[in-house]
Amino acid sequence: MSRRTIMIVGNGDVPEGGAATIDAADVVIRFNDCRSVGTGGTRTDIVAVCNTGRPALAMLGGGRWKNSAAVRQAREIWSVRSGEKFAGMRAELAETHPDLDDFCDDYTAGFESFAVATGRAHRIISVAAHEQLDRDLSRFAPTPYVVPSSGMVVIADVLSGFASAGDDIVLAGFGHDGWGLHPFAAERRYVDALVAGGQLRRLSPFSSDLSQGA
């Protein structure tokens, strides 16, 4: 298999001039409502969704998400959260975070049905990938958290199996901030370590050379 450029585009700020570089990649992965579309280009091959709780319910309700240009273009839908993993978290969260009473509600079946009905592939990121990520993040002194961010789960999944040896994995739109119960500071440190190790790179401002090194 020839070397691919896999662009993982979060919903944060994308470097100026990055849209054309993102659209020129072999695979572009976006998240949830794909707010990166625009300054972050338009190409969308995979949409990774938070398939539990309120974000999932909002995406599946009505037609706005389903009919968006990015989702219509995507050939795959990835459910980031394993229903098995989140079912196992429900009792503990009821004690520690009672306000998250719907956090573990699983809507994976809704995304799978949508994918099947529209001729797209659907996959669920495994429990094993999530738990390995928790172990990897533990090396970076995370503050107490509930779950890693969807972006970090996808980065870990791409590195552990989706990507082939030699693929160029590029991140854009990752500010590593947001919901307080994701371990964003540890995630930033982990990504920095991966960049330093040459396993991926961040999209540079004004970058137009997809073959540049880490």
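Student: Is R54 buried or exposed?
Tutor: R54 counts as exposed, at 53% relative accessibility. Keep in mind that this is a predicted model.

Student: Which residue forms a salt bridge with R54?
Tutor: D102 does, and the closest N and O atoms of the pair are 2.8 Å apart.

Student: Where do D102 and R54 sit in the chain?
Tutor: R54 is in helix α2, residues 53-60, and D102 is in the loop between α4 and α5. The two are 48 residues apart, and the pair links distant parts of the chain.

Student: How many salt bridges are found in the whole structure?
Tutor: A search of the whole structure finds 12. One of them joins the side chains of R3 and D168, at 3.9 Å from N to O. R3 lies in the segment before β1 and D168 lies in strand β6, so this pair ties together parts that are 165 residues apart in sequence.

Student: Which network of salt bridges is D168 linked in?
Tutor: The network links R3, D168 and R201. D168 forms a salt bridge with R201, with the closest N and O atoms 2.8 Å apart. That pair also links distant parts of the chain, 33 residues apart, with D168 in strand β6 and R201 in strand β7.

Student: Are D168 and R201 buried or exposed?
Tutor: D168 is buried, with a relative accessible area of 7%. R201 is buried as well, at 3%.

Student: OK, strand β6 then. How many of its residues are buried?
Tutor: Five of its five residues are buried. D168, V170 and A172 point one way from the strand, while I169 and L171 point the other way.

Student: Which strands does β6 run parallel to?
Tutor: β1 and β6 run parallel and are joined by five bridges. β6 and β7 also run parallel, joined by two bridges. For particular partners, V9 is bridged to A172 in β6, and L171 is bridged to R202 in β7.

Student: What is the order of the strands in the sheet?
Tutor: The order is β5-β4-β3-β2-β1-β6-β7, seven strands in an open sheet with parallel pairing. β5 and β7 stand at the edges with a single partner strand each, so one side of each has no neighbour in the sheet.

Student: What holds strands together in general?
Tutor: Strands of a sheet pair through backbone hydrogen bonds, either parallel or antiparallel.

Student: Which helix makes a β-α-β unit with β6 and β7?
Tutor: Helix α8 does, and the unit is right-handed.

Student: New topic. How many residues are in the largest nonpolar core?
Tutor: It has 29 residues, and those with the most contacts inside it include I8, W78 and V158. β1, β2, β3, α6, α7, β6 and α8 each supply at least two residues of this core. The largest share, six residues, comes from α7.

Student: What is V158 in contact with?
Tutor: Leaving aside neighbours within four places in sequence, V158 is in contact with I6, I8, I29, W78, A163 and I169.

Student: And which residues does the second core include?
Tutor: V47, A70, I77 and A115 are among them. This core is separate and has 14 residues.

Student: Which residues of α6 are buried?
Tutor: V127, A129, H130, L133, D134, D136 and L137 are. What covers them includes α4, α7 and α8.

Student: Last one, E187. Where is it found, and what does it touch?
Tutor: E187 is found in helix α8, residues 184-196. Not counting residues up to four places away in sequence, E187 touches L137, P148, S149, M152 and H176.

Student: Which side chain of opposite charge is nearest to E187?
Tutor: R188, at 9.3 Å. E187 is buried yet has no salt bridge.

Conventions. Residues numbered from 1 in each chain as written. Predicted model: local features only at pLDDT ≥ 70, side-chain atom pairs only at ≥ 80, totals over all residues. Heavy atoms only, no water. Helix = DSSP H or I, 4+ residues; strand = E, 2+ residues; numbered from the N terminus. Buried < 20%, exposed > 50% of the residue type's maximum accessible area, 1.4 Å probe, protein only. Lys, Arg positive; Asp, Glu negative; His and termini not counted. Salt bridge = Lys/Arg side-chain N within 4 Å of Asp/Glu carboxyl O. Contact = heavy atoms within 4.5 Å. Core = buried A, V, L, I, M, F, W, Y, C linked by side-chain atoms within 4.5 Å. Pairing = 2+ DSSP bridges. Right-handed = clockwise from strand over helix to strand, strands pointing away.
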